Every structure is written in structure tokens, then in C-alpha cells.
Amino acid sequence: MTNEHRSQPSADEQPNIHDQPGAEEHTRAPDPHRWRWAVLAVVLAAEVMDLLDATIIAIAGPSVRADLGGGTAFLQWLAAGYTLAFAVGLVTGGRLGDIFGRRRMFLAGAAGFTLMSLLCAVAPGPAWLVACRVLQGLCGAVLIPQGLGLIKAAFPPDKLGSAFGAFGPVMGLSAVCGPILAGVLVDADLFGTGWRMIFLINLPVGLAALAGAALVLPRAAERDRALRLDLPGTALLGGALLLLVFPLVQGRELGWPWWCWAAMAASAPALWAFQRYERGRVRAGRSPLVEPSLLAKRRFNAGLLVGLIFFAGLMGLTLIISVYLQSGLGYSPLRAGLAQSPWAFGTAVGAVAAQVLGARFGGRRLLVAGTAVVGLGAAALLATLAATGGPATPWPLVPALLVLGIGMGASMAPYFDIVLAAVDEHEVGSASGTLTAAQQVGGAIGVAVLGTAFFSWVGGNGFTGSLERVLWLEIALLALAGALCFLLPPRAREEPGDGSEPDSTVVTRETDGAHAATVTG
């Protein structure tokens, strides 16, 4: 398939290529950005803001409700409003980076996210806070997809593994540390702000990210003016994702009424209609929302499936352990957060181990090994519960949580590298949004499935017995994710003489200022 406009670099981080008059036809690779580690630091700061805001409200929610009032629906929508807006907007946010430049969209998203954090912090009532959370989620959907593209453009191929080795574990650490930070901030009541500090903490981080982005993110090179935002496709995909994600997020709280099942069933034909519409746009020579060449890549599709299953188990278990510690063992929010600190520490240890072992053992083997270690941690937690019948102190949980964290850090480090290695420049925006959306949908599925199972079993088995049953489900999900990892290639980038065949070949040539990209799937 040949399409002239797709070979033109659309991201603003790409350096300009200077042609030599009369030069022979050749292939050029852009030089890596000299401030690449500063670029990585700025992107990680944005990731930390988003993930903390996504997880912190689970602990702080009761304090927010006690201060502002509102019913149980308000408490649900504090988390659901952000999650829904974020998940539905991710693919469009990634495409906006292709059209307008990733630097520009990163700055716009970071500014909007920081402003919405301030408005959340000064919210006078429940409606204001929920509305700002929804807008905050939309800003996050513009901000976060740009990070993967900026990292991929700023680092040469041989350094991408190190970059993504830091990227993945920071996500895991933020997800685990969110409840810890929430408990500390709410209990500390700094300057009499109470729960409002969980949003005010974003202000210095957001301002630092904005200043850093303005200084180190590369400015726009010439972009492809032929790209346009596919508004009908955006509406179709947004509607399809809303039909799927909304019942997953709210279904358990509402008792799974019939319309939840009907909405999830309707999401399948809606996604089919989106896919048909996108093919029609390509045939008509117009810009699609998701590049068809991306979805033709076997590695990327396999990576989406692995991420969907892995993050379903990870996010579901994170929620259930927090509920178990507070509702089952009666811990305060601060104590529950601190009890999970071995998980966070283990994630950092696993990330360092992945950096040391990654070059020797390759991406897929490390991903499978990390997933197996997470499963081992779940099995250790199961054995601990069986031996103690519900520990009186958090200390018996430390070894199992530590192993869980080590596996998480080791598996997340190579995941982004191996999946995104096959993505070409014109596909980066679509890939970043689609990959992050798959993680969000997987997390919503995990919370819905494991959460529903946990609460349905509590009545007859107690909190400890219910958690034991959920851990068996968790181990099954991790086994499935580990098996699906073998659909991925052994390494992120093929090495000479390794006998592997890439799933696509991309050759970009420049002759007399004309661009052409040949993509063979």
C-alpha cells in the first residue's frame, strides 16, 4: 500500500532533513535529540500526574464526600468521570499529535490538566468537582499519548530499551503509590486543605512539566498539511468506547441492570461500523483516525491483546487489595497505603533488574519471566492468607507484595519497547492512543470482573476467603497473558543473523523533495 502523505514526518519532535541537491536516492534516519533524557524526565512527570490522579481518589473519596456532601453516585463519578473521559479521548488525543505536533499537544494537555487540578482543588460542591474531573480526563487524553511518540523520536533505536525501561516502571510505581500518597495527604491535612491537597500537589508538578517541555521538547519541523481530524470517526469510536467502558465502570455499583449488558453488546457493532467507515475514508484518499497499516501489524495487535489481559489483572488486583486492607482488616487510609509500600519498592527493584537483564535475555523472555514472577507473587499472597486466615498485621504480606512488585517492574519495562518497535513514524500518534486506550479498557474490565467476583463472594466467604478466590482468577489471567506473549517476537528490534523476520518492512526514500513510503505487511 502506498500513500504519499504518510511518509512525511508529522511529529514536531523530528529534526529537519537537509537535502543535498543531486544526491542519489537513499534512506535517511533522523539524528536523536540531544536532550533526550530531559525529554524523558518531562514525559515521566506527565505520566506521574495522570496516574496519581487516576488512583488517588479511591482513598480520598470518603473524605471528599464528607466535606462536600453528595450521595454514593457522586463518589462513583469522582473516579468514573475521569476514567471514562480519559479512555474515550485517548485515540483522538494521539491523532491530534500527528496533526498539530506532539510538542504543541503535550503543552496544551499539560496546561489544561494543571488548570483542571486547580479548579478541582477549589471546588465548592459535588457537581463542580465531577465536571472538572471529566475535563481533567479529557486533558489527560490529549497529554498522555504524546509521551510515547516523544520518547520514540528522541531516542535512537539502541537506546529505546533503556528509555522504556524507565517509562513502564514509573507507571507501575505511580499506580501503587497513589493510595499511599492519598492516605498521607488526607491524614496530614496540610495547611488545613484536607483532601484538596491531592489536587494541589499537581500544581508544582504540572508547572515544572510545562517549563521543562517548553525548554527541551523539540520545536515543530514541517508537518503534513494533508492530515485532518476525522470528526465522524472520532464520534463513532468515542461512542463505541463509551458503550463498552461505561457499563464496565458503573455496572457493579448499579447491580448490572439489563441495559449494561445491552450497551456492551452494542459496542461490538459500533466498533465494526467504525472500522468500515475508516476503510471507506482510506479508499476515498482522506485521513483516517487510526492508520490501517498499524492494525495490520501482527506485533502491535498481539501487544494490544497482551496489555489488555495484563492490565486487567493488575488494575483489578490493585483495587481489591486496597479494599481488603481497609474493609477486611480495618486499616485506616494511611495504614492501608503504607501496607502496600513493599509493592512499590519491589516495582523499582524489578525495573533495575530488567535494565540489567534486558540486553542479555531479550524482550519477550523478560516479559514472560516478569509475568511469571507476578503470578508467583499472587500465589505467595494466596499461601499467606491460607496460613494466617487474615493477618493481624501487614508484616506477613510483605514478601508476597514485594514479589508482586518485582514482577510488575520487570514485565512493564520491556512491554512498551517490544510493542512500539514495529511502529513507523506516521503511525506513532495512532499507536500511542490505541495502546493506552487498550490499557484503560483492560483496567476497566479487570476492575469490573474481579471487583464483581470479590463482592459477590464476600457474603458467603468473608473478606479473606473472597480474596483467596480472586487470587486464583488473577493467576489464571496472568497465565493467559504469559501464553499470549509468545505471539510477540523474541526481541524489540531484530538483530543481524538472528533469523527473525519483521512483520513489516518500511522503506522511506526522498528524491527531488518527493516522499514515498512503501509498507509491506
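A residue counts as buried when its relative accessible area is under 20%, as exposed when that area is over 50%, and as partly exposed in between (1.4 Å probe, protein chains only). By this rule, 53% of the 521 residues of the chain are buried.

The model is predicted: local features need pLDDT of at least 70, side-chain atom pairs count only at pLDDT 80 or more, and totals for chains, interfaces and linings use all residues. Residues are numbered from 1 along each chain as its sequence is written, and side-chain values use heavy atoms, with hydrogens and water left out.

The chain contains 17 helices and two strands; these are DSSP runs numbered from the N terminus, with helices (H or I) of at least four residues and strands (E) of at least two.

A nonpolar core is a set of buried Ala, Val, Leu, Ile, Met, Phe, Trp, Tyr and Cys residues joined through side-chain atoms within 4.5 Å. The largest one has 100 residues, and Phe 106 and Leu 435 have the most contacts inside it. Helix α17 (residues 428-484) gives the largest share of this core, 17 residues. A second, separate core has 21 residues, among them Val 64 and Phe 199.

Contact means heavy atoms within 4.5 Å. Beyond its neighbours within four places in sequence, Leu 435 contacts several residues, including Leu 148, Phe 300 and Tyr 415.

Phe 191 is exposed, with a relative accessible area of 80%.
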